[in-house]
Amino acid sequence: MHMLGSSALLWACAALLSQTALAVPALYYSEHVGGEPMPSEFRRFQHTYQKNIRASLGTQGCTNKNIAVRKSWDALDDVTRTDYLRAVNCLAARPPLMNTTLAPGAVNRLDDFTYIHINQTNIIHESGYLLPWHRLFLWQMEKALRDECGYKGYLPYWDAPRFSEDQTKSKVFDGSMTSFGGNGAPVPHGPRKVILPGLVIKNFTLPKPAGTGGGCVTDGPFKNFTISLGPVAKEVIDPANKYGYEPNHRCLSRDFFNGASKGVLNWANATTIVASKTIKELRNNIEDLWHLHSHTFVGSEAADPFSTPNDPVFYLLHAQIDRFWAIWQGQDLQDRTYAIDGNRTFLGIALDYAPNVPRSLATIEDPMHLALGWQPKTKEGMPMTYGGRCYIYE
């Protein structure tokens with residue numbers, strides 16, 4: 001059995017005025033509620049990014065007057081949080097737009113997103129596509145929330161380093177009706193090794209530590225939430241349902257593993273990421289210091305590299321990763337916006353349906369496959385303020 005350690009795998013592994021665009025090109029930091037404050041070094045990188053982004057804007061297209069501001073969930077007011085959660089449940093109540101013969105278990109609009117993430121997992125993780133693919137994926141979700149369900153704000157992010165010692169102190173996981181709910185109910189279980197299907201290396205496994213939950217989420221707005229696709233990464237893969245596309249109605253479960261957050265999802269590692277000198281260093285730092293650990297902390301559905309979007313907190317988790325990349329790009333927009341590093345498949349490993357295709361490097365001209373048949377070139381997923389995107393992180 002081939003096993004992937006925590007530093008090697010990075011799989012995978014969205015009402016009212018609080019998130020409206022700034023009308024003037026002011027730079028400011030809205031103090032978040034509670035937790036460990038942003039240190040001056042990280043703040044310096046963020047300030048440079050915001051300054052350079054705003055200086056790059058013109059008077060047409062994406063401007064200082066219409067740029068969307070993405071904020072930490074902890075910085076939102078309860079009205080905006082409630083509106084976001086309402087919109088997520090709205091998408092969960094709408095029928096899928098995809099061809100459901102591809103995934104008979106797809107029952108709602110959220111499953112359109114989960115399906116394509118499952119379908120592309122072995123291409124968009126531990127590869128050159130991780131960052132640009134997920135940037136466009138998040139943007140598609142943000143548009144669906146706003147255009148289809150009337151959400152007035154923009155995609156927030158999970159400000160994990162503020163609460164790395166106890167994520168339940170965050171407004172993301174405090175269990176209130178304006179959070180994403182807390183841990184799953186405690187269910188006795190031990191650590192496992194799950195198989196990642198679809199690679200030419202058979203029985204390639206990912207270790208999954210045992211957390212303090214494992215059962216259904218019992219509080220917050222998703223305590224009665226049901227999901228249908230997946231799981232995919234399992235101890236035994238059923239060849240007849242290899243990618244979990246068949247219906248499998250169940251609750252949303254979580255399994256908080258504090259060892260993946262304490263001393264890990266902290267400001268020191270966040271600063272190391274945005275201070276990376278090259279795109280290769282950035283990608284390695286995101287993979288080794290953050291991506292896998294953030295999924296592992298949430299656990300259960302969120303820790304399945306394939307069907308992880310089943311947990312609605314996925315979009316906040318990846319917005320934080322997109323924020324890190326944005327801050328890094330914003331230190332030097334000219335040289336960093338289109339910088340790319342990585343292979344075309346997961347760790348450069350051939351896929352089982354194309355076992356003889358040699359390892360090769362991703363390029364910005366490569367097409368990517370996103371929801372509902374959209375096939376943008378990789379370079380379309382790299383800028384934040386043109387090509388249809390217009391947002392800044394605060």
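**A predicted chain and one of its loop residues**

The chain has eight helices and nine strands; helices (H or I, at least four residues) and strands (E, at least two) are DSSP runs, numbered from the N terminus. This is a predicted model, in which local features need pLDDT of at least 70 and side-chain atom pairs count only at pLDDT 80 or more, while totals for chains, interfaces and linings use all residues. Residues are numbered from 1 along each chain as its sequence is written, and side-chain values use heavy atoms, with hydrogens and water left out.

Overall dimensions come next. The C-alpha trace spans about 55 × 45 × 40 Å along its principal axes.

Of the 394 residues, 59% are buried, where buried means under 20% relative accessible area, exposed over 50%, and partly exposed in between (1.4 Å probe, protein chains only). The accessible surface comes to about 14,900 Å², and carbon and sulfur atoms account for 55% of it. These areas come from the Shrake-Rupley method with a 1.4 Å probe; for residues, only the protein chains shown count as cover.

A single residue can now be followed. A362 lies in the loop between α8 (333-336) and β9 (391-393). A362 counts as buried because its relative accessible area is 8%. Among the residues that A362 touches are G128, Y129 and N343, with residues up to four places away in sequence not counted; contact means heavy atoms within 4.5 Å. N343 is 19 residues from A362 in sequence, and their C-alpha atoms are 5.2 Å apart in space.
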